[in-house]
Amino acid sequence: MDGSVSLQALALTSISGMATGIGSCAVLVFGEDAHGVTSGRMLALAAGVMLQVSAFDLLPEAAEVIGWAETLAGFVVGCLLYFVLERLVPEPDLKAFGAQLLPTPSASGAAESASMTERRRLLRTGFIVALVLAVHNFPEGIAVYISCLKGMRFGLTIMISIMLHNIPEGVAVACSIYAGSGNKKQAMFWSILTGVAEPVGALL
């Protein structure tokens, strides 16, 4: 195998994975209030794009290859995996992630407590989503790499397709973690880290 082709394939795989970093830039538009309307809109947008890709792209393509029975079985297994991870991931410590705790001056103790509970829930959700997407991105990296080895034009098409749906994945992770921690750097870091799974998958 031509070493230059392998390097090009790895480069395209890395570009595809790092697209999560583009999505993570969504947190840069936020002000000090991580719980604002903009955060909700970003999460809704990311959810819509990811749902569309899953329902109208990934599932039909899988069904064409392995049939609807196996596709639906895989879908159920994926749902169960998320269910298990949701119960295994511990509640995060906000202070450990440099959370910007911003209770309003007039807030009561009960209101502040409710706010902290909500932020921990959002932060935990962000980490679960990040973990699931990292697992999801691993085989995607293999797919892009192998596609590039079969032909750069074909590989480039696959890379662009996966890269475009990695962007809303980055938005989902970054917005959830930022809404929970109030820390933009941490939000972007964890979002970008999920994309690293793609070149790792290609290397293995």
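User: In this predicted model, in which helix is S191 found, and is S191 buried or exposed?
Analyst: The model is a predicted one, and within it S191 belongs to helix 7. Its relative accessibility comes to 0%, and buried means under 20% relative accessible area. S191 of helix 7 therefore counts as buried.

User: At what angle do the axes of helix 6 and helix 7 cross, and how are they spaced?
Analyst: Two packed helices are described by the angle between their axes and the distance between the axes. For helix 6 and helix 7 the crossing is right-handed, and the axes come within 8 Å of each other. The angle at which these two axes cross is roughly 145 degrees.

User: How are helix 1 and helix 7 oriented to each other, roughly parallel or antiparallel?
Analyst: Helix 1, residues 3-17, packs against helix 7, residues 184-203, with the axes 7 Å apart and at an angle of about 160 degrees. Angles over 145 degrees count as roughly antiparallel. Helix 1 and helix 7 are therefore roughly antiparallel to each other.

User: Which residues of helix 1 and helix 7 meet, and how many of each class does the contact have?
Analyst: Helix 1 passes helix 7 in a right-handed crossing. On the helix 1 side the residues are L10, T13, S14, S16 and G17, and they meet G195, E198, P199, A202 and L203 of helix 7. By class, this contact has 4 nonpolar, 5 polar and 1 charged residues.

User: With which residues is Y82 in contact, leaving aside its neighbours within four places in sequence?
Analyst: Y82 lies in helix 4, residues 68-88, and is partly exposed, with a relative accessible area of 29%. Beyond the neighbours within four places, the contacts of Y82 are T125, I128, V129 and V132.

User: What distance separates the C-alpha atoms of I160 and I15?
Analyst: I160 has its place in helix 6, residues 152-181, and is partly exposed at a relative accessible area of 36%. Along the chain I160 and I15 are 145 residues apart, while the separation between their C-alpha atoms is 9.2 Å.

User: What percentage of the residues of the protein chain count as buried?
Analyst: The secondary structure of the chain comes to 7 helices and 0 strands, and its accessible surface is about 11100 Å², with 70% belonging to carbon and sulfur atoms. Among contacts between residues at least 6 apart in sequence, 82% join residues at least 24 apart. Of the 204 residues of the chain, the share that counts as buried is 37%.

Notes:
Residues numbered from 1 in each chain as written. Predicted model: local features only at pLDDT ≥ 70, side-chain atom pairs only at ≥ 80, totals over all residues. Heavy atoms only, no water. Helix = DSSP H or I, 4+ residues; strand = E, 2+ residues; numbered from the N terminus. Buried < 20%, exposed > 50% of the residue type's maximum accessible area, 1.4 Å probe, protein only. Contact = heavy atoms within 4.5 Å. Areas by Shrake-Rupley, 256 points an atom, 1.4 Å probe, with all protein chains shown as cover. Axes fitted to C-alpha atoms, helices over the stretch in contact; angles between N-to-C directions. Parallel < 35°, antiparallel > 145°, perpendicular 65-115°, else oblique. Left-handed = near helix turned anticlockwise from the far one by under 90°. Nonpolar A, V, L, I, M, F, W, Y, C, P; charged D, E, K, R; others polar.
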